[in-house]
There are 2 protein chains.
Amino acid sequence: MSLPHAILTALLEKPSSGLELTRRFDKSIGYFWSATHQQIYRELGKLEQAGHIRALPAPVPARGQKKEYEVLPAGRGELSDWVARSEDPKPMRSALLLRMRAAAIVGAEGLRAELERHLALHREQLDEYLAIEERDFPADRRRTEPDRLRHLVLRGGVDLERFWVEWLTGALAELGPSEA
Amino acid sequence: MSLPHAILTALLEKPSSGLELTRRFDKSIGYFWSATHQQIYRELGKLEQAGHIRALPAPVPARGQKKEYEVLPAGRGELSDWVARSEDPKPMRSALLLRMRAAAIVGAEGLRAELERHLALHREQLDEYLAIEERDFPADRRRTEPDRLRHLVLRGGVDLERFWVEWLTGALAELGPSEA
DNA sequence: CCCCCTTCTGCAACTAGTTGCAGAAGATTC
DNA sequence: GAATCTTCTGCAACTAGTTGCAGAAGGGGG
């Protein structure tokens with residue numbers, strides 16, 4: 001599974017506490033691997049026990065007290081192995097495509113509004129990605145390999161959102177202008 | 001959740017037994033909503049109890065005996081409601097994009113082979129979709145609304161695979177010809 | 001007839017992810 | 001200086017999905 005590796009990556013980018021991680025998952029790593037704070041806390045516990053990360057010594061260790069984690073060499077090693085590991089892509093799932101197929105049988109009443117809503121959401125996400133690209137990846141920041149890799153990831157997000165925007169636009173056109 | 005609706009859709013397309021459904025999920029509905037036979041059997045049980053489907057009267061009802069299900073009006077109603085229901089798209093997950101981001105930190109050794117493997121798989125899937133399109137959706141079979149909807153779904157699959165093929169091709173070019 | 005193979009259904013036990021809630025520490029405010 | 005709000009961590013209980021296995025029925029084949 002990928003959650004521990006997502007966390008290791010995030011912690012290597014910057015040592016953080018559970019809540020900080022949660023927030024960063026909400027806007028960066030989470031764009032392609034989302035997780036709730038619960039998953040994160042539990043996984044931090046497991047990673048610590050496995051010796052992949054450790055809590056930075058805190059002045060007052062207590063419940064409700066912020067706890068920062070950093071990655072240990074073993075954790076970095078595990079992540080490095082994982083990058084090269086062979087793993088089949090898991091079949092994608094789209095409830096929207098499924099609904100479309102159901103609509104082919106029971107009728108498309110009410111579907112149009114939902115498609116429009118999704119279209120708006122995907123447009124929004126696309127704009128967000130484009131803003132990030134402009135901010136974080138100006139042409140001169142695409143030289144080093146790490147930067148090129150990070151930019152490729154973002155490009156993936158951009159192009160995927162573009163795909164949805166185009167597909168939804170086409171679907172709406174195909175449904176005809178006056179469906180219920 | 002969508003699994004029960006996937007099953008209702010499949011059963012409306014054709015009443016089936018659990019194993020038949022499993023096979024059809026492996027090659028049709030499952031392209032965008034996969035499920036194991038276990039999930040399917042359990043869900044069939046729940047759907048039957050909810051009065052959404054019923055088992056067709058079998059000559060010899062017994063364990064190990066094929067059991068066909070068909071959708072009842074209540075099930076069709078539920079599916080019809082679901083088509084119009086509002087439901088946020090769940091954030092996508094891609095272990096590959098995640099790995100790319102990890103590679104930006106720990107190095108991209110060994111990643112290239114994996115990208116090539118995925119590229120081959122996506123090309124294969126794309127070809128399969130195109131073959132289905134040619135077989136099931138010749139130009140004259142795209143007239144009725146149900147056919148147009150079903151074709152849109154397939155188009156979604158085609159374009160998504162195209163996206164991956166293009167992204168992976170670009171990523172491989174970007175990684176440079178001689179990465180480890 | 002008996003063994004074995006396939007088909008079909010299903011239980012049990014697991015991992016992953018979600019939701020709701022609660023308690024401690026520190027900051028804020030009146 | 002007490003009431004309350006925010007931050008941070010975490011438990012408990014749930015739903016969804018996965019994996020491994022087993023048992024019944026039926027169809028050959030020697």
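Guide: A salt bridge is taken here as a side-chain nitrogen of Lys or Arg within 4 Å of a carboxyl oxygen of Asp or Glu. By that criterion the side chains of A:Arg101 and B:Glu13 form a salt bridge, at 2.8 Å from N to O, and the count between chain B and chain A is four salt bridges. This is a predicted model, in which local features need pLDDT of at least 70 and side-chain atom pairs count only at pLDDT 80 or more, whereas totals for chains, interfaces and linings use all residues. Residues are numbered from 1 along each chain as its sequence is written, chains are lettered from A and ligands numbered from 1 in the order in which they are written, and side-chain values use heavy atoms, with hydrogens and water left out.

Between chain B and chain A there are also 31 residue pairs in polar contact, both residues being at pLDDT 80 or more; a polar contact is a pair of N or O atoms within 3.5 Å, where within protein one must be able to donate a hydrogen and the other to accept it, and residues adjacent in sequence count only if both atoms are side-chain atoms. On the side of chain B that touches chain A, the elements giving two or more residues are α1 (3-13), α4 (73-84), α5 (95-106), α6 (111-136) and α7 (145-175) of chain B, and α7(B) gives the most, with 16 residues. Helices (H or I, at least four residues) and strands (E, at least two) are DSSP runs, numbered from the N terminus. By class, that side of chain B has 35 nonpolar, 12 polar and 18 charged residues, where Ala, Val, Leu, Ile, Met, Phe, Trp, Tyr, Cys and Pro count as nonpolar, Asp, Glu, Lys and Arg as charged, and the others, Gly among them, as polar.

With contact meaning heavy atoms within 4.5 Å, the interface takes 65 residues from chain B and 65 residues from chain A. The buried area is about 6500 Å², of which carbon and sulfur atoms give 65%; this is the accessible area (1.4 Å probe) that two parts lose on being put together, summed over both.

Turning to the rest of the fold, chain B has an open sheet of three strands in the order β1-β3-β2, with antiparallel pairing, two strands being paired if DSSP finds at least two bridges between them. In chain B, β1 (16-17) and β2 (53-55) stand at the edges with a single partner strand each, so one side of each is left without a neighbour in the sheet. Three bridges link β2(B) to strand β3 (residues 68-71) of chain B in the antiparallel sense, and B:Ala55 stands opposite B:Tyr69 in β3(B).

In chain A, an open sheet of three strands likewise has the order β1-β3-β2, with antiparallel pairing.
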